[in-house]
Amino acid sequence: MERTFIEDISEKFNNQKVLVKGWVSEIRALGKVQFIVIRDKTDNVQCVAHKDTLKEDLFNKIPKISIESVIEIEGQVKTSKQAKKGFEIAIENLKVLAEAQTPLPIDTSEKSKTLIDKRLDYRFLDIRRPQVNAIFRIRSKVFNFVSNFFDSKGFISINTPKITAGGVESGAEQFSIDYFGKEAFLTQSPQVYKQMFVVAGLERVYEIGEVFRAEKSHTTRHLTEFTGIDLEMGFIKDENDVMDVLDELMKYVLEEVKEKCKKELELLNIKIEVPKKIPRITLEEARKLVEKKGKKIMENDDLDAEGEKLIGEIIKEKHDSDFVFITLYPWEKKPFYQMKDSKNKKVTKSFDLVYKGVEISSGSQREHNYNVLKEQSKEKGIDIDKMSFYADIFKFGAPPHGGAGIGFDRLIQRMLNLENVREAILLPRDPERLTP
Ligand code: AMO
């Protein structure tokens, strides 16, 4: 007999025989009637055993089955007013495929209060909980929505090396590795490569891939390995073109999630708000707004976590938007590859995107003129000619271009109102965690 997934069974199956496979969520033995709640990746369903009709040895086995054991049940679907779903499965045969040891190292019930650290130690058990499982179903869908969006806009998907000779961001954040006796680094951004392949004539590229940051941050938003959604596009007018794409991307992804992840959103009790046009304010304006609420930000300083949270609240109140672009960051604080603003050379054509009070993306227009780039790198104490693989990109016809990097994990975290970014990634890495 073929296996049926639980979500595909309905009252219309009344009196039909089905075979379901999965994990045991619950056992209730009430004398002459016993219940097993079985769960597969799609849903769970109550199965019922009657002493009068089921073989004695099978009936007696049920109370001994441990929670989370893997079983298969063959039985008839029966509509039932008492059952939560309006039907249940009357057990005719039952096999234990793998018994779970007891006690379980973490509580896998819906109401589990196990602390996140312990849950992460046993992530494979933690993810058996439907609400946790739902996060990763949504994440998987978002991955596809993002790809579909870029595809529809003519972006080409690229995969770039994660083992590199060095990047163009601040070197302090790189993990150094021994590469056959030479020093190499884990990439802290595909920045070099995304620019390279725009210049290579692909014009519009994106990559969804791992990014590594050697930051000893112990916060709810920092990981040492995360998934980046990076995009880069050529022949732009200015950084506003990149923001336009991000604006459309966020709208598209959230609309799709709202439409296609209804079951998961319900389970997580999340209401998705699709943004209208995302407001754009300069960092200076943001600073003034935040200062009005009593928080001082020094000139040239970026908003810190508290500042981002505040600006998120202010914009929500003023514009009813969960998102805001903050633009024109000081040159002093930004990497040399960003283009300086033509009117005010003290700022760059850059932006951050804040979602529900947390930065989820940053980007800019890049300097594409080799001579200007050389000057700018000198100002930052870097000699780009020592990074000839980077400098060369700008010598043989580089169009005006710009792009952005989005933290995929942070995007999911904010979308689903998760307290910690670690909830949005299967196996988080942070300064204290290298396992499982
Ligand atoms: P940036 O360093 O701002 O920009 O990174 C882009 C986005 O990545 C996410 N992010 C993180 N997520 C989890 N843990 C971290 N430690 C972490 N650090 C960053 C954030 C952030 O907005 N090359 C540029 C992008 C560009 O200009 O195209 C860059 O890497 O959501």
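I took a polar contact to be a pair of N or O atoms within 3.5 Å; within protein, one must be able to donate a hydrogen and the other to accept it, and residues adjacent in sequence count only if both atoms are side-chain atoms. The model is predicted, so I noted that local features need pLDDT of at least 70, that side-chain atom pairs count only at pLDDT 80 or more, and that totals for chains, interfaces and linings use all residues. Residues are numbered from 1 along each chain as its sequence is written, and side-chain values use heavy atoms, with hydrogens and water left out.

I found an oxygen atom of the ligand 3.5 Å from a backbone N or O atom of Ala 404. The protein buries 92% of the 630 Å² that the ligand exposes when taken alone (Shrake-Rupley method, 1.4 Å probe; for residues, only the protein chains shown count as cover). For the side chain of Gln 191, I read 2.7 Å between an N or O atom and a nitrogen atom of the ligand. The corresponding entry for the side chain of Ser 189 is 3.1 Å, again to a ligand nitrogen atom.

**Cavity.** I counted one cavity of 30 Å³ or more. A cavity is a set of points, on a 1 Å grid over the protein atoms alone, where a 1.4 Å probe fits but cannot get out; lining residues have an atom within 4 Å of a point. Grid points are joined across faces, edges and corners, and a volume is the space filled by probe spheres set on the points. The largest cavity holds about 40 Å³, and its lining includes Ser 189, Val 192 and Phe 389.

Key:
On a 1 Å grid over the protein atoms alone, a cavity is a set of points where a 1.4 Å probe fits but cannot get out, and a pocket is an open set with protein on both sides within 12 Å along at least five of seven lines; lining residues have an atom within 4 Å of a point.
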